[in-house]
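Open the model in your viewer and start with the whole chain in cartoon view. The stops below say what to select next and what is there.

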Amino acid sequence: NSCRVKFDGAVTDAEHILEQLRASGFDGRILAGGTRARTQEDLAQAREAPKEMRQRESAMWRGLFLRALSLTLPAFLLAKPLANVSPLLHEKVFGPVTVHILLLFLLATPVQFGAGRCFYRAAWRSLQHRAATMDVLVVVGSSAAYISSLVSLLAAALDPSHTPFVHFETSAMIITFVLGGRTLEAVAKGEAADAVSALMKL
C-alpha cells in the first residue's frame, strides 16, 4: 500500500515527483525535509518518519473499524437475534416499511458511505488505472447489498402491496469485516517493520 522513492536531485526534485503522484490519483509526503538527509538528525528523522506513517495508518484503520463496528453490531443483532424482541419494531412507519427496516437503513448508511468511503475512493483510483483491486470488489459487493435493499425499500414506500426484502446489515458487515482485516494488517506490518529495524540496529 506504500512505497519510498529515491531520486537523482540533478534530474528532478521531490516537489515535482509529489505533483506527478497526486496527478495520478495517489497521495504522498516528503520525508526528511524533501531532499537528502545530511546530518545525524536528518538521518534519525528519515528513519522515524516511516514508523510515524505506520502508526498513523494503523490508527486510521482502527478508528474506521471501531466506528463501523459500533453501528454494524446493532444492525446485525436487529436483523437476526433481536428481530422479534419487541412488537414496536414491527410497527409500520409508511406503507409496509416497519421501524425495524428503517432502523437497519439508518444504521447501515453511515457505515456504507462514512467508514466505507475510503474503499470508494480507492476503487475509483483503481478503475482510473484500469485495475480491479480488492477495493473494487468490496465496493461492488457491499453496494450490491445496499442498493438492492434501498430499491426494495423505496418500492415498498411507493407501492404498499410490495413486501420489502432488505439486507442492509450485509452491506455493513462486508465493510466492517474488511476494515477489521485492514486494521490487523496494519498492526502486523508495523510490528514486522519494528522487528526488522531492531535487528538492523544490533
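**Whole chain**

Color by secondary structure and follow the sequence: the order of elements is α-α-β-β-α-α-α-α. This is a predicted model, with six helices and two strands. Of the 202 residues, 30% count as buried. Among contacts between residues at least 6 apart in sequence, 61% join residues at least 24 apart.

**Helices α3 and α5**

Select residues 99-115, helix α3, together with residues 134-158, helix α5. The two pack at an angle of about 145 degrees, and their axes are 11 Å apart. Their crossing is left-handed. Now show side chains: on α3 the contact is made by Ile101, Phe105, Ala108, Thr109, Gln112 and Phe113. On α5, pick Ser142, Ser143, Tyr146, Leu150 and Leu153. Seven of the residues in this contact are nonpolar, four are polar and none is charged.

**The salt bridge**

How many salt bridges does a search of the whole structure find? It finds one. Aspartate 135 lies in α5 and arginine 182 in helix α6 (residues 168-200), so the pair ties together parts that are 47 residues apart in sequence. Are these two partners buried or exposed? Aspartate 135 is buried, at 12% relative accessible area. Arginine 182 also counts as buried, with 15% relative accessibility.

Notes:
Residues numbered from 1 in each chain as written. Predicted model: local features only at pLDDT ≥ 70, side-chain atom pairs only at ≥ 80, totals over all residues. Heavy atoms only, no water. Helix = DSSP H or I, 4+ residues; strand = E, 2+ residues; numbered from the N terminus. Buried < 20%, exposed > 50% of the residue type's maximum accessible area, 1.4 Å probe, protein only. Contact = heavy atoms within 4.5 Å. Axes fitted to C-alpha atoms, helices over the stretch in contact; angles between N-to-C directions. Left-handed = near helix turned anticlockwise from the far one by under 90°. Nonpolar A, V, L, I, M, F, W, Y, C, P; charged D, E, K, R; others polar. Salt bridge = Lys/Arg side-chain N within 4 Å of Asp/Glu carboxyl O.
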